[in-house]
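Please open the structure in a viewer and keep the selection tool at hand.

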Amino acid sequence: MKATPTRIPDVLIVEPKVFGDSRGFFYESFNQQAFAQATGLDLAFVQDNHSRSAQGVLRGLHYQVQNPQGKLVRVVRGAVFDVAVDIRRSSPTFGQWVGEELSEDNHRQMWVPPGFAHGFLVLSASADFLYKTTDYYAPAHERCIAWNDPAIGIEWPDGITPLLSAKDAVGAALQDAEVFTS
């Protein structure tokens with residue numbers, strides 16, 4: 001397993017060792033010891049989630065103001081453009097974003113630490129998106145930042161009209177959002 005920092009160093013791209021041949025492939029999608037060694041992080045994951053979304057679905061930018069979740073995300077079918085936005089007001093990268101294509105073909109994973117808003121756009125006909133979290137889902141503390149907030153300036157892939165949930169369609173602007181102070 002290899003972990004590479006993005007331009008926001010706390011967000012990591014995690015690449016497992018994939019063993020493949022003409023019959024298919026095998027890889028450990030998660031190994032606590034290998035993850036800790038590659039990332040330097042000793043984390044306890046408490047919940048696994050799986051979503052399936054159609055092409056053009058944009059989910060996010062979600063976070064929890066209490067019980068903040070770190071997320072280790074990956075795609076097992078299809079492809080998405082995955083985004084993390086730093087919403088830790090005291091961070092030198094506050095308001096900045098990173099994006100990465102995650103797919104069934106590249107097997108990449110993204111580590112999104114607590115204190116970040118997270119979202120993704122489905123690029124393929126559909127996508128199965130899996131993620132491990134470091135805290136439990138707490139709907140009363142969930143918040144949403146607008147996916148298209150010009151103050152953040154996410155460069156979403158061209159040519160896809162986003163399909164949004166009612167909740168995601170009314171996300172707050174970063175300047176008005178409840179964010180993390182540390």
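How many cavities of 30 Å³ or more does a search of the whole structure find? The search finds one. A cavity here is a set of points on a 1 Å grid over the protein atoms alone where a 1.4 Å probe fits but cannot get out, whereas a pocket is an open set with protein on both sides within 12 Å along at least five of seven lines; lining residues have an atom within 4 Å of a point. Grid points are joined across faces, edges and corners, and a volume is the space filled by probe spheres set on the points.

This is a predicted model, in which local features need pLDDT of at least 70 and side-chain atom pairs count only at pLDDT 80 or more, while totals for chains, interfaces and linings use all residues. Residues are numbered from 1 along each chain as its sequence is written, and side-chain values use heavy atoms, with hydrogens and water left out.

**The whole chain**

Along its principal axes, the C-alpha trace spans about 50 × 35 × 30 Å. Of the 182 residues, 48% count as buried (under 20% relative accessible area, with exposed over 50% and partly exposed in between; 1.4 Å probe, protein chains only).

**The cavity**

Next, select His62, Tyr63, Gln64, Pro68, Gln69, Lys71, Val112, Pro114, Gly115, Phe116, His118 and Phe180, which line the largest cavity. The elements that give two or more residues to this lining are E6 and E11, and E6 has the largest share, three residues. The space inside is about 70 Å³.

**The largest pocket**

Now turn to the largest pocket, with a volume of about 380 Å³. Among its 23 lining residues, those closest to its centre are Arg59, His62, Lys71, Tyr131 and Glu142. At least two lining residues come from each of strands E5 (47–54), E6 (58–64), E11 (116–122) and E12 (126–133) and helix H2 (166–169). E6 gives the most, with five residues.

**The second largest pocket**

Select Met1, Pro16, Lys17, Phe19, Phe26, Tyr27, Glu28 and Ala34 to display the lining of the second largest pocket. Its volume is about 150 Å³.

**Single residues**

Within strand E6, find Leu61; the peptide bond from Gly60 to Leu61 is cis, with omega near 10 degrees. In the loop between E6 and strand E7 (71–77), select Asn67. Phi of Asn67 is near 55 degrees, a positive value in a residue other than glycine, and Asn67 is partly exposed at 33% relative accessible area.

His107, in the loop between strands E9 (97–103) and E10 (109–112), has a phi near 60 degrees, also positive in a residue other than glycine. Is His107 buried or exposed? At 11% relative accessibility, His107 counts as buried.

Finish at Asp42, in the loop between helix H1 (32–39) and E5. Asp42 is exposed, with a relative accessible area of 71%.

Methods. Helix = DSSP H or I, 4+ residues; strand = E, 2+ residues; numbered from the N terminus.
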